[in-house]
Amino acid sequence: MHIMVTGHLGYLGTVLVPVLQRAGHTVLGLDSGLFADCVLGPQPEAVPAIATDLREVCPADLAGVDAIVHLAALSNDPLGSLAPDLTYAINHVASVRLARLAREAGVRRFCYASTCSVYGAAGEELVDERAPMRPVTPYAESKVRVEDELAELADAEFTPVLLRNATAFGFSPRLRADIVLNNLVGHAVLSGVVKVLSDGTPWRPLVHAADIAEAFRAALEAPREAVHARAFNVGTEENNLTVAQIAEHVAEITGARLEITGESGGDPRSYRVDFSTIRAALPDFRARWSIPDGARELYTAYTGNGLTEWDFRNRFTRLARLSELRETGAIAPDLRPQWTVAP
Ligand SMILES: NC(=O)c1ccc[n+]([C@@H]2O[C@H](COP(=O)([O-])OP(=O)(O)OC[C@H]3O[C@@H](n4cnc5c(N)ncnc54)[C@H](O)[C@@H]3O)[C@@H](O)[C@H]2O)c1
């Protein structure tokens, strides 16, 4: 298949592209490049790509594309709360527009990167795909809106697939430090302390970036009837852990001191997730990475590539990176890039 991956220069996209290529597909990227040079370790290989903002996509960009994996977004809850209007404009309006253009252009499958954040404050019970969606941030709300509108676009020729990914972890050459495991391991390496700025009780299901990539590959290759207009939680029940449990693993693996401040955190998200639907529908998919294995991988990558405090807090933290690009005028206030040659 000829597959367009939007957001291919992001944290997940950089892991996904080689997975699709190894499976025999050709990849066309599409990305505005907000984090293109935020790399830890060797530079990833470039792929043919369209350097543009999602809001500017035109029908010609989609010529010859069989399927789309749509990752490009303002990704994660704090970032979405910084500028809710931009979050809706990019994550919701531009995503639905892309799907409509894709349907008109004859693209047959549209695999969408949604999130388990759509469940919001769900409590102790395991939530499956039929559970009510209770988004508590503009980011999660934008994902719910897209899911709803994509389902309406499904027809005999166009198959949307909604992948509700758990919070990602693990090494990607385009690293992110603002997701819980990556963040805790970074603090452990840089300061010798694993610090949880809450009482650690919220549930945070996690899934490795490589497992998310496998889920997308499987969803692209599955028979239409197995995935047509369906939502799937992506992850594994073994990785339904509280923030405190995640931090304990990190402390054990890195040898850092564990500190749980016990403050009440400002983030109401808490959900434990059932992942049986994806296992039944996509039998060749399993989320294989455990939290301890992921913590070990990150520890090795951080120490082996000389992670610095500055990079950790700035280049690899989305909010800080975008603020810097805006302040220097590299991107406009609406986040449209101002560079003439894409990075
Ligand atoms: N990382 C996670 O924990 C996680 C969990 C669940 C779902 N997701 C979803 O997966 C997708 C990818 O996440 P990620 O962690 O790789 O995010 P990321 O921030 O690392 O990458 C997003 C990419 O999209 C691009 N992008 C953003 N706005 C754009 C625009 N207007 N036009 C063109 N390109 C634009 C950025 O340049 C970047 O390369 C997102 O949709 C996210 O919501 C991520």
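**The ligand and its surroundings**

Reader: How many residues surround the ligand, and which are the closest?
Author: The ligand is surrounded by 30 residues, and Leu 12, Asp 31, Leu 54, Leu 71 and Tyr 139 are the closest; a residue is counted if one of its heavy atoms lies within 4 Å of the ligand. This is a predicted model, where local features need pLDDT of at least 70 and side-chain atom pairs count only at pLDDT 80 or more, while totals for chains, interfaces and linings use all residues. Residues are numbered from 1 along each chain as its sequence is written, and side-chain values use heavy atoms, with hydrogens and water left out.

Reader: Which classes are in that shell around the ligand?
Author: There are 15 nonpolar, 10 polar and 5 charged residues in the shell. Ala, Val, Leu, Ile, Met, Phe, Trp, Tyr, Cys and Pro count as nonpolar, Asp, Glu, Lys and Arg as charged, and the others, Gly among them, as polar.

Reader: What lies 2.8 Å from an oxygen atom of the ligand?
Author: A backbone N or O atom of Tyr 11 lies 2.8 Å from a ligand oxygen atom, and a backbone N or O atom of Leu 12 also lies 2.8 Å from an oxygen atom of the ligand. In the side chain of Asp 53, an N or O atom is 3.2 Å from a nitrogen atom of the ligand. Taken alone the ligand exposes 830 Å², and the protein buries 98% of that, with areas from the Shrake-Rupley method and a 1.4 Å probe.

Reader: Changing topic, which residues of helix 10 are buried?
Author: In helix 10, Ile 291, Gly 294, Ala 295, Leu 298, Ala 301 and Tyr 302 are buried, where buried means under 20% relative accessible area, exposed over 50%, and partly exposed in between (1.4 Å probe, protein chains only). Helices are DSSP runs of H or I with at least four residues, and they are numbered from the N terminus.

Reader: And why do those buried residues line one face of the helix?
Author: Seen down the axis of helix 10, the buried residues fall within an arc of 130°, so they line one face; the arc is that of the directions from the helix axis to the C-beta atoms. On the other side of helix 10, Thr 300 and Gly 304 are exposed.

Reader: Where does Arg 296 lie?
Author: Arg 296 lies in helix 10, and at 43% relative accessibility Arg 296 counts as partly exposed. Arg 296 and Gly 170 are 126 residues apart in sequence, yet 9.3 Å apart in space, C-alpha to C-alpha.

Notes:
A polar contact is a pair of N or O atoms within 3.5 Å; within protein, one must be able to donate a hydrogen and the other to accept it, and residues adjacent in sequence count only if both atoms are side-chain atoms. Helices (H or I, at least four residues) and strands (E, at least two) are DSSP runs, numbered from the N terminus.
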